[in-house]
Amino acid sequence: MATVRLILGDQLSPAMSSLADIDPETDTILLAEVMAECTYVKHHKKKIIFVLSAMRHFACELEDQGFSVDYVKLIDKGNTGTLKGEAQRALKKHKADRLVVTRSGEFRLAEDMETWSTDLGVDVELRDDDRFLCKLDEFNEWAEGRKELRMEYFYREMRRKTSFLMDADGKPEGGQWNFDKDNRKPIKDDLDFPGPSKFTPDEITQEVIDLVNSEFADHFGQSDGFTFATTRSQAEHALRRFIQHALPRFGDYQDAMTDKDPHLFHSVISTYLNAGLLDAHAVCAAAENAYKNGDAPLNAAEGFIRQIIGWREFVRGIYWREMPDYKTRNTLDATTPLPDFFWTGDTKMACMAQAIGQTRDHAYAHHIQRLMVTGNFALVAGLDPDEVNDWYMRVYSDAYEWVELPNTHGMAIWADGGVVGSKPYAASGKYIDRMSDHCSNCAYSVKEQTGDTACPFNALYWDFLARHEDRFKKNGRMGLVMKSLERMDSQKLDATRQRAAKILKNLDAV
Ligand SMILES: Cc1cc2nc3c(=O)[nH]c(=O)nc-3n(C[C@H](O)[C@H](O)[C@H](O)COP(=O)(O)OP(=O)(O)OC[C@H]3O[C@@H](n4cnc5c(N)ncnc54)[C@H](O)[C@@H]3O)c2cc1C
Ligand code: SF4
């Protein structure tokens, strides 16, 4: 009997477990563009363009390989608007009595699928997503019985498991696991940024751009200037360009920020990795080869591989281990509404204007902008975690909850109380000044802590520490900063907290 094999918009790889034993004679591959998935959060226009165009290209690729593909476009007559509805229609149309699908990476959809077999009255086989280098069972085994889950120790296990950058004696290449301290150079004036690969939209992509402009006009972000890869071969081209032109400097400038360029030496491949156009193992192998061939230094290759086999796999493990209640935690009782400038970019703070502006234009900001600029602001201003998570899900082309939530809720705003990071990544303007050229173009003075022209990060940072003094005094890793707070002259602290109160009272005015 026939089988329908459903491929989701972030499963665009011929290696999906749902396709493993496909019989091209009897089986049909279903790809469906549905309104529910485009709007359960109002994704950035460029993200929707990317996903729908990459789905259409992938369907063509499968057809060229001789598979029978049922492709449902968003505005096709009869489209039910949900994945379950489209699965039901396809089962009937193809007279199939079995549905095979790789589990969704997002809890809400994975949970929904658990009832599909009953709801649809057919055998629904849910398979594990084996694109990741660490199976969820393995992660849980590693996590079991540990007092704290720290990425660094998980990462070392992953280095041993994958053998990336390990020498013949089973020791880490260069004698160290981690070269993070070599990855914090601030930006220099004379740097040339290579930029990511750009692709002119073909007919398929152009049709999707028109569709998105008409159906999702009220979603955040610019649709103009869409130059993303939408096929596997284009994504591989983008990876090669990164390895050749940006990886050599990735390590040194990993944490740097500038008004001059949105991408610096970052790979800009998360969108492709998360959707299945690139394979995590192959990406790391390419970086390791560059190191072995003498084309990239060790701190670059190690730093890059750590993000993928370390952070990416770690946050996925945390997500599935901690959901669903993870999302509802609000350890720091943060309740301030998200200010409007997160949507408009209309703020006098140069660092925030740059991060939000490029997010609107490119659906991209690099890690330090997400963590130490917008995330840091959300943390120290005590913004409501639901609104902050919603914002991060809406604005980035690589946003999927399994990776967005632990990064935002855990790493950036510490709403999880320390599951992802042992201490909050709170910082004053001094950090941003050290790592960027933003402050020299800002209306505020990074050197000032009080008064109307003082950098808002400064007052908010100290106010944040003071607000949570009782909790953070008990955190061994915050000893130094809490001592500085204690030593601060009481008049200065009062003035700082008054400045913070004034900022918080009228957040939209900063
Ligand atoms: C608040 C916040 C929200 C985030 N939301 C997302 C998200 O929705 N989707 C997403 O893919 N990443 C997210 N990240 C992680 C990281 O910022 C992005 O993966 C990275 O900026 C993507 O750009 P890049 O491809 O140029 O990455 P590079 O800096 O070139 O890094 C290489 C790759 O490593 C992986 N990576 C790096 N850091 C992380 C991390 N902390 N967690 C998981 N993978 C990582 C990505 O796949 C990335 O492509 C978030 C980080 C923060 C602080
Ligand atoms: S002065 Fe403050 S607000 Fe302005 S760019 Fe620097 S850190 Fe950002």
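Author: Start inside. This is a predicted model. Look at Leu247: this residue touches Phe242, Ala287, Ala290, Ala296, Ala300, Ala301 and Phe304, leaving aside residues up to four places away in sequence.

Reader: Which residues have the most contacts inside the largest nonpolar core?

Author: The general idea comes before the case. In soluble globular proteins, nonpolar side chains tend to be buried together. Here the largest nonpolar core has 154 residues. Those with the most contacts inside it are Leu31, Leu247, Tyr272, Met352 and Phe377. Helix H12, residues 298–322, gives the largest share of this core, with 12 residues. There is also a second, separate core of 22 residues. Ala32, Val34, Ala87 and Met113 are among them.

Reader: How many disulfides does the rule count?

Author: The count is 0. Take Cys38 as a case.

Reader: Is Cys38 buried or exposed?

Author: Compare its relative accessible area with the cut-off. Buried means under 20%. Cys38 has 5%, so Cys38 is buried. Cys351 has 8% relative accessibility, so Cys351 also counts as buried.

Reader: Now the domains. What does the domain assignment give?

Author: Domain 1 covers 2–127. Domain 2 is written in two pieces, 136–201 + 227–322. Domain 3 covers 341–509. Taken over C-alpha atoms, the centres of domain 1 and domain 2 are 30 Å apart.

Reader: How do I read the interface of domain 1 and domain 2?

Author: The size of an interface is often given as the accessible area lost when the parts come together. Domain 1 and domain 2 bury about 1100 Å² between them. Of that area, 64% is on carbon and sulfur atoms. On the side of domain 1, Leu12, Phe50 and Phe107 supply 43% of the area buried against domain 2, more than any other three residues. As for contacts, 18 residues of domain 1 meet 13 residues of domain 2.

Reader: How many salt bridges does the rule find across this interface?

Author: It finds 1. Elsewhere in your reading, look up Glu61 and Arg232: they form a salt bridge, with the closest N and O atoms 3.6 Å apart.

Reader: One last residue. Where is Thr496 found?

Author: Thr496 is in helix H22, residues 490–505. Its relative accessible area is 0%, so Thr496 is buried. Leaving aside residues up to four places away in sequence, Thr496 touches Gln449, Thr450, Ala459 and Trp462.

Key: Residues are numbered from 1 along each chain as its sequence is written. Chains are lettered from A and ligands numbered from 1 in the order in which they are written. This is a predicted model: local features need pLDDT of at least 70, side-chain atom pairs count only at pLDDT 80 or more; totals for chains, interfaces and linings use all residues. Side-chain values use heavy atoms; hydrogens and water are left out. A nonpolar core is a set of buried Ala, Val, Leu, Ile, Met, Phe, Trp, Tyr and Cys residues joined through side-chain atoms within 4.5 Å. Buried means under 20% relative accessible area, exposed over 50%, partly exposed in between (1.4 Å probe, protein chains only). Helices (H or I, at least four residues) and strands (E, at least two) are DSSP runs, numbered from the N terminus. Contact means heavy atoms within 4.5 Å. A disulfide is a pair of cysteine sulfur atoms within 2.5 Å. Domain bounds come from an automatic or database domain assignment. Buried area is the accessible area (1.4 Å probe) that two parts lose on being put together, summed over both. A salt bridge is a side-chain nitrogen of Lys or Arg within 4 Å of a carboxyl oxygen of Asp or Glu.
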